[in-house]
Every structure is written in C-alpha cells, then in structure tokens.
2 protein chains.
Amino acid sequence: MKKPLLLIAFAAFALSPASAFQTSQPDPAALRDAALASDTVAWDLLEGLTTEVGQRMAGTEAEARARDWAVRRLTALGFANVHIEAFDMPVWVRGEERAEIVAPFPQNLVVTALGNSGATPVRGIEAEVVYFETVAALEAAPDSAVRGRIVFITHAMQANQDGSGYGPFGAPRRRGPSVASRKGAAAIVIRSIGTDYHRNPHTGVQTFDEGVRPIPAGALSIPDAEQLQRILRRGQPVRMRLVLTPRNIGRRQSGNVVAEVPGTDPSAGVIVIGGHLDSWDLGTGAIDNAAGVAITTAAAHRIMQAGRPRRTIRVVLFGAEEVGVFGGNAYFAAHRNDGNVVLVGESDFGADRVWRMTTNLAPANTALGDRINALLAPLGIVRGRDRANAGADLGAWANAGIAAIDLNQDGTRYFDYHHTPDDTLDKVDPAQLRQNVAAWTAVLAATANAPERIEPAGVAAARQ
Amino acid sequence: MKKPLLLIAFAAFALSPASAFQTSQPDPAALRDAALASDTVAWDLLEGLTTEVGQRMAGTEAEARARDWAVRRLTALGFANVHIEAFDMPVWVRGEERAEIVAPFPQNLVVTALGNSGATPVRGIEAEVVYFETVAALEAAPDSAVRGRIVFITHAMQANQDGSGYGPFGAPRRRGPSVASRKGAAAIVIRSIGTDYHRNPHTGVQTFDEGVRPIPAGALSIPDAEQLQRILRRGQPVRMRLVLTPRNIGRRQSGNVVAEVPGTDPSAGVIVIGGHLDSWDLGTGAIDNAAGVAITTAAAHRIMQAGRPRRTIRVVLFGAEEVGVFGGNAYFAAHRNDGNVVLVGESDFGADRVWRMTTNLAPANTALGDRINALLAPLGIVRGRDRANAGADLGAWANAGIAAIDLNQDGTRYFDYHHTPDDTLDKVDPAQLRQNVAAWTAVLAATANAPERIEPAGVAAARQ
C-alpha cells in the first residue's frame with residue numbers, strides 16, 4: 001500500500017490543484033506543498049524539546065522547564081498571546097525498580113512501575129507468581145489462588161495501522177491492578193502493552209478503583225514477559241522478588257501553554273489545535289508527544305507566515321496528559337463557556353505519515369469537508385468513515401458537540417516505542433514529519449479561511 | 001541476494017547429491033538436509049540455556065550453574081566423556097550504573113560499565129564532558145584538555161554482513177579507557193560499539209594497559225550518545241554526573257565443559273568444535289553465545305545418531321570467553337601437546353544464516369575442501385578466500401598450525417544486540433538456526449569420516 005501513496009504524495013508537487021473557492025487568501029495547496037518539501041520548523045521544535053528538556057513528567061520541575069521552553073520558542077516564532085494557564089494536580093514519581101526470579105532459575109527481569117503504582121518496601125517483596133492469560137481469567141479465579149501472590153498477566157497485542165489494539169489489549173494495565181488488589185494480590189506485573197521485542201518496558205497510567213488499596217504494579221519488557229512464561233511452563237513454583245518504590249509527592253503545579261495566530265474576523269470563531277507537552281519519564285517523549293507539539297505549531301506558523309487568516313488559530317500545548325488528561329480537562333473547564341471555539345483537533349499518535357482523515361462536521365459543512373479531503377488526497381490521505389474524536393486533550397470539546405478533525409497517523413510501529421525509554425528523537429523520520437505538517441497546514445488553510453460558518457457537529461454526532 | 005540463496009537452500013531437499021567418496025558411512029547430504037528440515041535439538045538447547053540459566057557472567061555462580069546445566073544436557077543427549085575442566089580467573093562484577101547531564105539540560109542517560117571499568121565513589125563523580133570524535137583525536141589532545149574531565153568518544157560503525165566494522169570501530173572501547181586514563185581523565189564514556197537505535201547500551205571487555213590507573217569506563221546507548229552530541233553542539237559547557245560501581249572480587253573458578261562423540265580410528269585424530277558457555281550479564285546471551293553452543297552440539301549429536309564416525313568429535317563449551325578468552329587459553333595450554341587435534345572450528349557470531357565458509361586446509365587437503373564446499377553450496381553458502389581463524393576460543397590452535405574451518409554467519413543485525421540487555425531468545429530465527437546446524441552437520445560428516453589424513457595447515461598459512 002505504501003508505494004501508491006508515496007507516488008500520490010510526490011505528485012502533489014506537480015499538480016497543486018488551485019483552490020477554487022477563495023482567491024484572496026494564500027493557496028492552501030501551495031502552502032501544503034511548501035511544508036511537504038521544506039518544513040524545518042517542526043524538526044527544530046521536536047529536536048529542541050527532546051534535547052533541551054528531555055523527559056518532562058507531568059507536575060515535575062522538568063515539565064515546568066518544558067513550559068518555559070515552549071513560551072520562549074512560541075514567542076520567538078512570532079505567535080501572539082503566548083501564555084501559561086496553570087493548574088494543580090497530584091503528582092506520582094518513579095523510584096527504584098527491580099524484578100528478580102528467585103527460584104527455580106535465578107535471574108533479573110526488566111520492569112518498570114505503572115503510573116500510580118503502589119510501593120514495595122525498599123528491600124522489596126518476595127512471593128510466588130500466579131499467571132493469568134487475561135484479566136477475565138484473573139477475575140474468574142478464586143481469591144485464594146491470588147492472595148499474597150504476585151499476579152502476572154499477558155496479552156496478545158499485535159501491531160496494526162490504526163492502533164486499535166491499544167484499547168482492548170490494554171486491559172491488563174488499566175484494569176489488572178485493581179482486580180488483583182481486590183483479590184488480595186501482593187503485587188501485579190503485566191506484559192508491557194506494546195508490540196516490540198526490546199528490553200524496554202512500557203509504562204502508562206492506571207488508576208486504582210475507588211476504595212481499592214494501591215498495590216505495586218509493574219510492566220515487564222516483552223522479552224522478559226515471554227521469559228517468565230517459559231519459566232512458568234516448566235511447572236515448578238516460581239518465586240519473584242519485586243522492588244518498586246514510587247511515591248506520591250502531593251499536589252504540584254502543571255499548566256497548558258497557549259499561543260495564537262490572531263484572525264481578522266472575531267465573529268468567525270477560534271480553531272483550537274495542539275498536542276501535549278508532558279511525557280513519560282523513561283524516554284524523551286519524541287513520538288509522545290513532542291511530535292504533536294511540533295507538527296501543530298509548525299502548521300499554525302505556516303498559516304501565520306502566509307498572512308493573517310480569517311479565524312484565530314489557537315495552539316494549546318497541554319500539560320499532564322499522560323497521567324490523566326489533567327491539562328485537557330482544565331482547559332475545557334476554563335473555556336467551555338467562552339462560546340467561540342468552532343473546531344478542534346489534536347496530533348498525538350507519533351510522527352509517522354498521516355494516512356486517514358476523519359471528521360465529525362455538521363451536514364451543513366459537507367462542502368468544507370470535501371475541500372479538506374481534496375487537499376489531503378495528494379498527500380496519500382484517505383477519508384475515513386469513523387467520526388473524529390479530537391484526541392485525549394480535546395476530546396471533551398468533540399463530546400460537547402464542537403466540530404473536530406482527526407488526522408490519523410500510521411501506528412504500525414507506534415507501540416514499539418510508546419511509553420518506553422526508546423521514545424527518542426531517532427524514532428522520527430523527518431520526511432514523514434513534514435508530511436504531517438503539510439496535512440495540518442492544509443487543514444488549517446482550508447478551515448481558518450473558510451468563508452462559510454463552521455457549524456457545531458452536535459452531541460449526537462460526536463458520540464459515534 | 002537473500003532470495004536466490006533461499007531458493008538454493010530449498011532446492012537441497014530435492015537434489016541431495018549423493019556423496020561420491022564414501023558409501024559405507026551415512027550420506028552427508030542426507031544428514032545435512034534432515035538437520036535443515038527438522039532439527040529441534042539446537043533450539044531446545046538454546047531455549048534451555050537462556051531460560052533455565054539466563055545470564056552467565058564468567059567466573060560467577062551463574063556460570064557454574066551453566067556448566068552443571070551443560071553436563072546434564074550433554075549426558076542426557078548421549079555424549080561420551082562429559083566432564084568439566086576447571087581453571088581459575090580474576091572476576092569483575094557490575095555495580096550500580098547511572099549517568100546524568102547536570103547542566104545545561106538536566107536529564108538521565110542510559111549507561112553501562114565496560115568490562116574491567118574502574119569505580120566511582122558510591123555517590124558518583126561530577127565533571128565537565130570533553131568530546132572526541134576518535135581515539136586518535138583524544139591521543140592528539142593536550143593532557144590539559146582532558147585532565148579531570150569525563151572523556152566522551154563516538155564512532156561511525158555501520159552494520160554489515162561480515163561484521164568487519166567491529167575491529168576498527170571498536171577502538172573507543174578497547175583503547176579509549178587506557179588513553180583517557182593516561183591523560184588524567186576522571187572517567188570515560190563511549191558511544192556503544194553497536195549498530196542499533198535502542199536504549200540498550202553495549203558492554204564489552206577492555207583491559208587497562210600495564211601501569212595505567214583504572215578509571216570509570218562506560219558505554220552510553222546509541223540514542224543517548226547522539227543526545228549527548230546534540231547537547232554538546234549547543235556550545236555550552238556540559239557537566240555530567242556518573243555513577244559506576246563495579247568491583248573486582250578476586251580469583252574464582254570457571255571451566256570448560258567437554259563432551260565427545262568417540263571415533264572408530266584413534267589414529268585419525270580429533271576434531272574440536274564448540275562455542276562459549278559464558279555470556280555478558282546484561283542479556284541472556286542467546287546470540288552470544290548460547291547459539292554457538294546449541295549449533296555445534298546439535299551438529300555433533302546428529303553425527304553421533306547416524307553411527308560412529310571415523311574421527312572423534314569433541315565439543316568444547318568454553319568458559320570465560322567474553323572477559324578475555326580465559327577458557328580458550330586454558331584449553332590450549334592444557335592440550336596443545338596432546339598431538340591428536342587435527343581440525344578446529346568455533347561458532348560464535350549469532351544464529352543468522354551461514355553465508356560463507358573459509359578454511360585454512362593444507363594443499364594436500366584440497367579435495368576435502370572441495371567436498372565440504374559442494375555440501376555447503378546447497379545451503380546458500382559460498383566459499384571465501386580469507387583463511388579460517390577458528391574464532392576466539394580455538395584461534396590459538398589455528399595460529400599454531402592446526403587446520404580450521406569457519407562458517408561465517410550473516411552479521412548484519414548481530415551488532416544490534418551484541419553485549420546488550422537485548423541479547424535474548426526472541427532474536428533467534430529458528431529457520432536460520434537450523435541452517436547453521438545443517439552446515440555444521442555437513443562439515444562434521446565430511447571431515448569426521450574423511451578417508452584421507454587431515455594435514456596441519458601450517459603456521460604460515462594460518463597467519464593470513
């Protein structure tokens with residue numbers, strides 16, 4: 001499938017179909033093609049954030065440095081109204097993490113704590129491992145089979161283009177710890193929710209159900225999870241020592257960084273796009289989500305450079321997405337009644353090429369959707385039938401009935417690196433990054449300058 | 001290149017050219033093809049050693065468990081004269097390891113100590129980083145530019161089929177620490193000697209020159225090394241905190257595990273093959289070198305199952321290769337004057353397919369070389385012009401003039417995993433592992449039953 005798409009993308013340089021509906025504004029196709037050919041702003045932002053800040057765990061001083069970095073960069077790029085909107089949140093930080101098979105075959109395993117994991121004593125705990133293939137199997141087991149033991153759950157997630165496995169196959173992480181705790185488990189370790197074969201475990205948030213005691217909850221790298229399965233298959237009791245010493249350090253400040261490209265027509269509404277500034281602490285958050293920060297900022301910057309658009313474009317770089325969408329929720333709570341947001345869209349699925357656009361535009365905006373589609377097709381982007389959900393940080397707006405556009409990136413290798421130490425700059429392909437910038441540039445050019453009103457999608461339409 | 005080779009390999013099933021020179025012994029081509037089609041012994045050994053022992057650092061109790069495991073398995077497989085030949089050696093073990101950029105952009109880097117690294121205090125050291133592109137550039141620098149600093153050296157190793165980059169590009173690891181220490185450096189970190197982009201650093205042995213003070217010497221993962229280069233390129237002074245606390249724990253016991261397929265003709269000499277049983281401590285030593293242990297043992301086992309060969313085949317699973325070829329050296333010292341070894345060959349380059357055979361056979365054994373070549377060609381194996389060197393553990397024999405055969409494996413991805421936590425079972429392709437067993441089976445069938453005398457290669461021939 002890749003080759004035809006690439007050919008189409010290259011053909012874009014030659015074709016550049018003129019925008020038929022608006023001649024007084026910059027040609028969206030020309031803006032798109034310039035981004036595809038030569039954008040450097042996104043790479044500079046991506047390289048800068050991952051190098052000059054690195055990891056930026058929500059609520060920590062590293063995330064604060066990321067906000068300062070963003071304010072400096074956005075200001076230097078010429079955006080208007082650059083500011084931080086602060087909020088408070090509870091902060092959990094990682095401690096020591098070690099896992100060791102004590103018997104029958106002594107050896108170390110690579111483990112990392114899941115978000116909000118409880119802690120073992122400093123010296124760790126030692127217990128027998130009890131294995132379940134699924135959360136359902138754990139739920140079905142008698143408490144006596146689990147009590148005092150270290151639960152181990154695996155899964156069979158496979159890589160695919162749309163990342164749709166992450167929902168169902170993520171259950172061991174999202175639900176496993178609460179179920180295990182309720183049954184009296186001493187701790188839980190899961191096979192990392194990922195698709196690679198490297199000894200880099202995948203962290204990620206989980207939240208203990210109300211009233212459930214937090215137990216130590218870790219993820220083994222996938223090679224280590226398979227090693228543990230092989231050891232268990234020998235049929236002898238398996239004893240594990242586990243050291244996980246994360247801490248809750250109380251409420252700290254996080255914040256969203258906001259910047260604008262002011263529009264000429266205040267009555268036409270505001271378009272809100274963005275990504276999230278925070279990352280997990282293991283890698284440098286290149287694909288998750290310095291890429292989204294870089295892509296949406298670079299696209300907005302291209303529109304700004306081409307002349308003042310009709311609608312204001314607002315870039316929001318959200319804080320504290322990974323640990324519970326605190327920034328997105330704070331932003332929605334603060335601005336839901338502003339009454340001027342007409343369209344939202346987030347980039348938060350890495351930097352591999354956009355292959356599909358989905359929208360939830362109102363029927364009255366069918367022509368606008370068609371124009372966007374025509375602009376994206378030369379980039380090898382197809383139109384999907386799913387309804388846009390606007391990502392974690394802006395999803396509340398789509399759910400509330402605001403129009404949204406999603407540009408779906410190829411997720412085939414996304415879960416090889418997602419939430420691991422391996423989420424680093426080298427995983428981003430500059431050419432595919434430029435394709436992302438080109439796609440968002442096209443979307444912004446078409447929507448910010450659209451002469452028609454952008455209608456609310458409506459709550460029913462938003463809820464698929 | 002792969003496809004034609006594969007076609008030839010598959011064609012082997014159909015062709016099975018009859019061995020023209022010896023009708024009373026099992027047909028070597030048939031033995032070869034059976035291994036290619038259905039060998040399970042090698043996988044069982046590989047899976048067993050990496051699962052039931054895991055890492056097996058030289059001179060540690062883990063390596064002792066590996067010897068016990070090997071004695072049990074070799075005995076169960078029916079080998080004769082299974083025994084351990086013990087030797088003593090100095091043992092170095094890893095401690096804590098952390099690296100952190102303190103300024104200008106605070107962040108953690110992934111580091112591991114190189115073999116024989118000196119130690120920092122428990123709290124670490126903090127110093128400015130001074131960067132050199134090569135060891136030669138470090139050597140050319142004035143001592144004043146290095147004194148009290150943490151030296152950082154990079155390299156430009158690329159993956160290739162024959163692994164020939166490992167020699168020249170390995171200089172930062174092998175020579176960098178001694179050169180840095182002599183110039184008064186506080187410590188040295190190198191870009192890992194490898195070809196991957198994962199945050200798994202590559203350890204490996206280095207030995208401080210006589211009289212040189214051991215300094216802390218670590219390897220950064222390749223993404224971390226590139227991150228450090230990007231940070232240095234900003235032009236501000238870069239300060240690093242480094243914690244490496246390895247220890248020398250004195251002399252401990254290691255050993256070689258020996259097993260035989262007894263021959264019918266003691267006057268025809270002994271063929272010695274093998275791999276090394278020890279591994280680095282970060283991974284489970286699947287490609288380095290449970291694979292070589294498994295391949296050579298499985299091939300010898302196939303010859304044994306087919307009937308008693310003319311020559312004795314001796315499988316030696318060497319101890320303590322990684323940290324200085326202690327096992328190979330001990331074996332040569334103990335047996336160099338036995339006067340019965342006529343041919344040697346080691347498998348120690350992973351488990352990807354054999355693509356080339358090289359020999360150092362004496363001119364009188366040209367016909368034998370041709371017969372081996374004819375048996376290997378259907379496996380997609382070409383004949384190389386280099387002279388065989390018999391690997392690290394048996395190289396002393398080839399250097400001393402004994403005939404040797406090398407089966408060179410495809411090394412394109414070998415240095416992605418070599419000496420890293422990522423050297424685990426999942427990196428081995430069972431089909432390519434069987435091709436290795438088939439190739440060694442063919443070599444053993446041809447040589448163990450060769451009717452002619454196997455001549456010494458001669459010292460001149462051995463030294464290329």
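Helix 11 of chain B, residues 326-335, has these buried residues: Phe326(B), Gly327(B), Gly328(B), Ala330(B) and Tyr331(B). This is a predicted model. The buried residues of helix 11 pack against several elements of chain B. Four are strands: strand 1 (80-93), strand 10 (247-261), strand 11 (270-276) and strand 12 (312-318). Helix 13 (391-399) of chain B takes part as well.

Move along chain B to strand 14, residues 354-359, where Val354(B) is found. Val354(B) has 27 C-beta neighbours inside 10 Å, and the cut-off for burial is 20 or more, so Val354(B) counts as buried. Asp410(B) lies 56 residues away in sequence, yet the two C-alpha atoms are 6.1 Å apart. Which residues does Val354(B) contact, leaving aside its neighbours within four places in sequence? They are Leu379(B), Ile381(B), Leu407(B), Asn408(B), Gln409(B), Gln435(B), Asn436(B) and Ala439(B).

Helix 15 of chain B covers residues 430-448. Helix 15 is mostly covered, with 16 of its 19 residues buried.

Now turn to the place where the two chains meet. Chain B gives 21 residues to the contact, and chain A gives 21 residues. On the chain B side, helix 3 (41-52) and helix 9 (222-233) are the elements that give two or more residues. Helix 9 gives the most, with five residues. By class, the chain B side divides into seven nonpolar, eight polar and six charged residues.

Just after helix 9, Gly235(B) takes a positive phi of about 90 degrees.

Two packed helices are described by the angle between their axes and the distance between the axes. Helix 3 (residues 41-52) and helix 4 (residues 61-76) of chain A pack at about 150 degrees, with axes 10 Å apart. An angle over 145 degrees counts as roughly antiparallel, so these two helices of chain A are roughly antiparallel to each other. Their crossing is right-handed. Helix 3 of chain A brings Leu45(A), Gly48(A), Leu49(A) and Glu52(A) to meet Ala66(A), Trp69(A) and Arg73(A) of helix 4. By class, this contact has four nonpolar, one polar and two charged residues.

Chain B has a helix 3 and helix 4 pair too. There, helix 3 and helix 4 (residues 61-76) pack at about 150 degrees, with their axes 10 Å apart. These helices of chain B are therefore roughly antiparallel to each other. They make a right-handed crossing. The contact uses Leu45(B), Gly48(B), Leu49(B) and Glu52(B) of helix 3, and Ala66(B), Trp69(B) and Arg73(B) of helix 4. Its residues divide into four nonpolar, one polar and two charged.

Conventions: Residues are numbered from 1 along each chain as its sequence is written. Chains are lettered from A and ligands numbered from 1 in the order in which they are written. This is a predicted model: local features need pLDDT of at least 70, side-chain atom pairs count only at pLDDT 80 or more; totals for chains, interfaces and linings use all residues. Axes are lines fitted to C-alpha atoms, for helices over the stretch in contact, and angles run from 0 to 180 degrees between N-to-C directions. Angles under 35 degrees count as roughly parallel, over 145 as roughly antiparallel, 65 to 115 as roughly perpendicular and the rest as oblique. A crossing is left-handed if the near helix is turned anticlockwise from the far one by less than a right angle, and right-handed if clockwise. Two residues are in contact if their C-beta atoms, placed from the backbone, lie within 7 Å. Ala, Val, Leu, Ile, Met, Phe, Trp, Tyr, Cys and Pro count as nonpolar, Asp, Glu, Lys and Arg as charged, and the others, Gly among them, as polar. The expected span of a helix is 1.5 Å times one less than its number of residues. A residue is buried if 20 or more other C-beta atoms lie within 10 Å of its own, exposed if 12 or fewer, and partly exposed in between; C-beta atoms are placed from the backbone.
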